[in-house]
Amino acid sequence: MTTEAAPPPGGPDTQSATLPAERFAAVQAGPEFGELRRTHRSFAFPLTAAFIAWYLLFVLLSNYAGGFMGTRLFGNINVALVLGLGQFATTFLIAWWYSRHAAAKLDPRARAIKERMEAGE
């Protein structure tokens, strides 16, 4: 479903709507944007691969190593519960870690690129 309505005036995209597409393409092809993209990818891709491997390990152990996963660690707590809760913990840890990485390394670079584009450089 599409609409023909114009974006609201004064919104955050008002400035970018007036910039020609050629300027966006030139900035995207530039070395500064390439470095920003490399910084993001060098953090996100390995961490994503590691988390997927960790998740698949949990799934495979759950399917094929029932005896191991059912091993009681203490009380009614077994290996499967600890590893399952570990999935949640690592999800939140990765989100927190990425937030810190983005605030320290990505956001300042992106802001600098945006400010230069808006200034017409």
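Begin by selecting Glu35, Arg38 and Arg109, which a network of salt bridges links together. The model on display is a predicted one. Arginine 109 is partly exposed at a relative accessible area of 32%, and glutamate 35 is partly exposed at 33%.

Next, select glutamate 32 and arginine 116. Their closest N and O atoms are 2.1 Å apart, forming a salt bridge. This pair also connects H3, which holds glutamate 32, with H5, which holds arginine 116, across 84 residues.

Now display the two helices whole: H3 (residues 31–64) and H5 (residues 79–119). Their axes are 10 Å apart and the packing angle is about 175°; the helices are therefore roughly antiparallel to each other. The contact of H3 with H5 comprises 18 nonpolar, 8 polar and 5 charged residues.

Then select Ile52, Tyr55, Leu56, Leu60 and Tyr64, which make a nonpolar surface patch of about 560 Å². Leucine 60, located in H3, is partly exposed with a relative accessible area of 48%.

Finally, view the entire chain. Its 5 helices and 2 strands follow the pattern α-α-α-α-β-β-α along the sequence. Of its 121 residues, 17% count as buried.

Technical notes. Residues are numbered from 1 along each chain as its sequence is written. This is a predicted model: local features need pLDDT of at least 70, side-chain atom pairs count only at pLDDT 80 or more; totals for chains, interfaces and linings use all residues. Side-chain values use heavy atoms; hydrogens and water are left out. Patches are made of residues with over 30% relative accessible area and no salt bridge: like charges are joined within 9 Å, nonpolar side chains (Val, Leu, Ile, Met, Phe, Trp, Tyr) within 5 Å. Accessible areas come from the Shrake-Rupley method with a 1.4 Å probe; for residues, only the protein chains shown count as cover. A salt bridge is a side-chain nitrogen of Lys or Arg within 4 Å of a carboxyl oxygen of Asp or Glu. Helices (H or I, at least four residues) and strands (E, at least two) are DSSP runs, numbered from the N terminus. Buried means under 20% relative accessible area, exposed over 50%, partly exposed in between (1.4 Å probe, protein chains only). Axes are lines fitted to C-alpha atoms, for helices over the stretch in contact, and angles run from 0 to 180 degrees between N-to-C directions. Angles under 35 degrees count as roughly parallel, over 145 as roughly antiparallel, 65 to 115 as roughly perpendicular and the rest as oblique. Ala, Val, Leu, Ile, Met, Phe, Trp, Tyr, Cys and Pro count as nonpolar, Asp, Glu, Lys and Arg as charged, and the others, Gly among them, as polar.
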